[in-house]
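Here are my notes on this one, point by point. Have it open while you read.

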Amino acid sequence: MRKRTDVIFVYDGTFDGFMNCVYTYYYSQFKPVDITSEDNVQASFYQQVTITTDIEKSEQVKKAIKNKISKYTIRFLQECMLSYQKGKEIHMLWYVVKGFKVGYNIAKLVSDEDVDFLLKANKHIHREKHLYLGLVRFYKSNDVYISQIKPKNQILPLIANHFVERFFNQSFMIYDSTNNQVLLHDKNITQIMSVENIQLPEFNDDELAMQKLWKLFYDTISIKERYNPKCRMSFMPKRTWDMLPELNDNI
């Protein structure tokens, strides 16, 4: 076998695009030292190889993963794509390569560098997902309920069904200001879109009055002697406090 050439794969940032990175690795003489999306390309001494997304090739790789590793692996990798961790794609590639050799047991090799990286990333994603299921706060603007969140990971695909099932007959929007994504739901239509420079509606007088009442209630029932900010931060990271009326000093 000829020696592989060290390169950087540049793809479109989608899961199908990543599947094409796996395909290219097996059907070329390239050895990626890194895999980066088109939006995050940086100057490098390594040759950059642009990977074109081909759905047919993507489906071939998915089928191979299901047959040689497991069906669960596809879902696991899709969730890992949502991680904010830099370098996740190269770890995902080697996870697949090693998985083709050892099968479904790849998930048990917790001492492996790539497996350990992805397991920790996936755990962080789900921990943040459950955190925001209880922290999303809506306010009403006209007939639409609006919320803004600031997660590290791209959790909108993971929390979408939760809110659609509970507010299926209402129009709502959840804006992820960290990842510039928005979840939109209107009757039977639900979609996640990338956005830039979105301007959310201001609170109206009724909303401001309601938030002040809630803050008054919160302050009234609180026990000052048991105030423990460190304990609070373990349940609600401080970066989320400005989204909570009871902890927002500007209200």
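1. Let's start with a partner in one of the salt bridges (a side-chain nitrogen of Lys or Arg within 4 Å of a carboxyl oxygen of Asp or Glu). Glu59 is partly exposed at 42% relative accessibility, where buried means under 20% relative accessible area, exposed over 50% and partly exposed in between, with a 1.4 Å probe and protein chains only. Its partner is Lys62, with 3.4 Å between the closest N and O atoms. Lys62, at 14%, counts as buried.

2. A word on the source: this is a predicted model, with local features needing pLDDT of at least 70 and side-chain atom pairs counting only at pLDDT 80 or more, while totals for chains, interfaces and linings use all residues. Residues are numbered from 1 along each chain as its sequence is written, and side-chain values use heavy atoms, with hydrogens and water left out.

3. Back to that pair. Lys62 and Glu59 sit three residues apart in helix α2 (residues 55-68), so about one helical turn separates them. Helices here are DSSP runs of H or I with at least four residues, strands are runs of E with at least two, and both are numbered from the N terminus. Asp16 joins in as well: Asp16, Glu59 and Lys62 are linked in a salt-bridge network.

4. The salt-bridge count comes to eight. One of them is Lys98 with Asp112, at 2.9 Å from N to O. This pair links distant parts of the chain, with Lys98 in helix α4 and Asp112 in the loop between α4 and α5 (113-133), 14 residues apart. Lys98 is partly exposed at 27%, whereas Asp112 is buried at 19%.

5. In helix α5, Asp116 and Lys120 lie four residues apart, about one turn of the helix. Their closest N and O atoms are 3.3 Å apart, in another salt bridge. Asp116 is partly exposed at 27% and Lys120 is exposed at 55%.

6. Now the sheet. It is open, with three parallel-paired strands in the order β2-β1-β3; two strands pair if DSSP finds at least two bridges between them. The edges are β2 (30-37) and β3 (47-50), each pairing on one side only. Seven bridges join β1 (residues 5-11) to β2, and Val7 has Pro32 in β2 as its bridge partner.

7. Finally, the helices against the sheet. Helix α1 (residues 15-26) packs on it, touching β1 and β2, and makes about 160° with the direction of β1. Contact means heavy atoms within 4.5 Å; axes are lines fitted to C-alpha atoms, for helices over the stretch in contact, and angles run from 0 to 180 degrees between N-to-C directions. Helix α4 (residues 88-102) lies across β1 and β2, at about 135° to β2.
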